[in-house]
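Morning, everyone. Let me put the structure up, and then we'll walk through it.

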Amino acid sequence: MSSGYHPPVEEYLETILSLEEAGIRPMRARIVERLGVSAPAVSETVRRLERDGYLTLDDSRAITLTAAGRSYATSIMRRHRLAERLLVDVLKVPWSQVHEEAGRLEHAISPWLEEHLVTLLGDPATCPHGNPIPGSANKEFFGDQRALSDLPDGTDVVVRRIDEQLEGQHTYMQTLETAAVLPGRAITIVSRGNDRLQLTVDGREVALDLAIAERVFASQQ
């Protein structure tokens with residue numbers, strides 16, 4: 001890791017890796033959407049990362065992490081998700097609010113502190129939103145996961161994870177927290193309209209915008 005790098009640059013690498021994780025082809029336009037920064041700023045930073053050997057651009061301008069870039073991005077993602085666990089499990093910060101706070105903390109976690117976090121937290125397999133923590137010795141296998149919006153009416157499932165893109169949208173995360181649509185919760189798909197999905201959670205019916213439901217993944221028990 002270069003000592004000349006700063007948190008915003010680390011965010012770019014982490015964002016590229018999270019796009020890959022979501023099955024989205026990393027492009028500069030996708031980084032603009034995720035980070036909410038200008039296209040010129042993204043282009044400049046991507047050029048810097050390419051120059052320094054952390055990524056390459058093909059003829060279609062798609063982004064690919066190099067081995068060095070992937071290693072760096074993975075270490076950032078690991079620290080971020082461990083920080084989320086610390087905030088939720090130990091400090092009891094509301095589930096819907098930890099993504100942004102962890103984004104600040106991840107840049108300050110040294111390898112030494114990371115080891116202590118792993119011991120304290122019990123080397124968790126996933127972050128509080130159900131996404132895997134890279135490098136964990138523990139793994140969770142949930143089989144085929146599908147977005148809630150893609151499941152047929154009457155299906156009983158367990159929520160497994162929240163897509164990283166949704167984590168950065170605080171209002172949507174508060175909606176999920178209020179509705180108790182959280183990893184590990186059993187839910188039933190009831191019905192759907194043009195823009196809403198009806199679910200039952202803990203015996204009560206709740207409605208989710210399809211824009212949220214398409215970013216929440218579940219599998220059968």
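Start with Leu120. In this predicted model, is Leu120 buried or exposed? It is exposed, because its relative accessible area is 54% and the cut-off for exposed is over 50%. The residue belongs to helix α6, which covers residues 111-121. Together with Val90 and Leu91 it makes a nonpolar patch on the surface. The accessible area of the three is about 280 Å² together.

As a general point, nonpolar side chains in soluble globular proteins tend to be buried together. So let's go inside.

The largest nonpolar core contains 24 residues. Which ones have the most contacts inside it? Leu148, Ile162, Leu176, Val181, Ile187, Leu199 and Val216. Several elements give two or more residues to this core, among them strands β4 (156-162), β5 (186-192) and β6 (196-201), and helix α8 (170-179). A second, separate core has 19 residues, including Val9, Leu57, Leu65 and Tyr72.

Take Leu199 as an example. Leaving out residues up to four places away in sequence, Leu199 touches Leu148, Val181, Ile187, Thr188, Ile189, Val190, Arg204, Glu205, Val206 and Leu208.

Now the sheet. Six strands form an open sheet, and the order is β3-β8-β4-β5-β6-β7. The pairing is antiparallel. Where are the edges? β3 and β7 are the edge strands, each pairing on one side only.

Look at β8 within that sheet. With strand β3, residues 146-147, β8 pairs over two bridges, antiparallel. There, Phe217 in β8 is the bridge partner of Ala147. With β4, β8 pairs over four bridges, again antiparallel. Opposite Ala218 in β8 stands Val159. Both faces of β8 are covered. Val216 and Ala218 are buried on one side, Phe217 and Ser219 on the other.

Next, a histidine. His99 sits in helix α5, residues 98-105. His99 counts as buried because its relative accessible area is 17%, and buried means under 20%. What does His99 touch, leaving out residues up to four places away in sequence? His80, Glu84, Glu164, Glu167 and Gly168.

On to charges. How many salt bridges does the structure hold? There are 16. I'll show three.

One is Glu33 with Arg30, at 2.8 Å, N to O. Both lie in helix α2, residues 28-35, three residues apart, about one turn of the helix. Glu33 is exposed at 52% relative accessibility. Arg30 is partly exposed, at 28%.

Another is Asp163 with Arg34, at 3.9 Å, N to O. This pair links distant parts of the chain, 129 residues apart. Asp163 is in the loop between β4 and α7, and Arg34 is in helix α2. Both Asp163 and Arg34 are buried.

Asp89 is partly exposed, with a relative accessible area of 32%. Arg85 counts as buried, at 17%. There is a network, too: Glu21, Arg81 and Glu164 are joined by salt bridges that share partners.

Key. Residues numbered from 1 in each chain as written. Predicted model: local features only at pLDDT ≥ 70, side-chain atom pairs only at ≥ 80, totals over all residues. Heavy atoms only, no water. Core = buried A, V, L, I, M, F, W, Y, C linked by side-chain atoms within 4.5 Å. Buried < 20%, exposed > 50% of the residue type's maximum accessible area, 1.4 Å probe, protein only. Contact = heavy atoms within 4.5 Å. Patch = residues over 30% accessible without salt bridge, like charges linked within 9 Å, V, L, I, M, F, W, Y side chains within 5 Å. Areas by Shrake-Rupley, 256 points an atom, 1.4 Å probe, with all protein chains shown as cover. Salt bridge = Lys/Arg side-chain N within 4 Å of Asp/Glu carboxyl O. Pairing = 2+ DSSP bridges.
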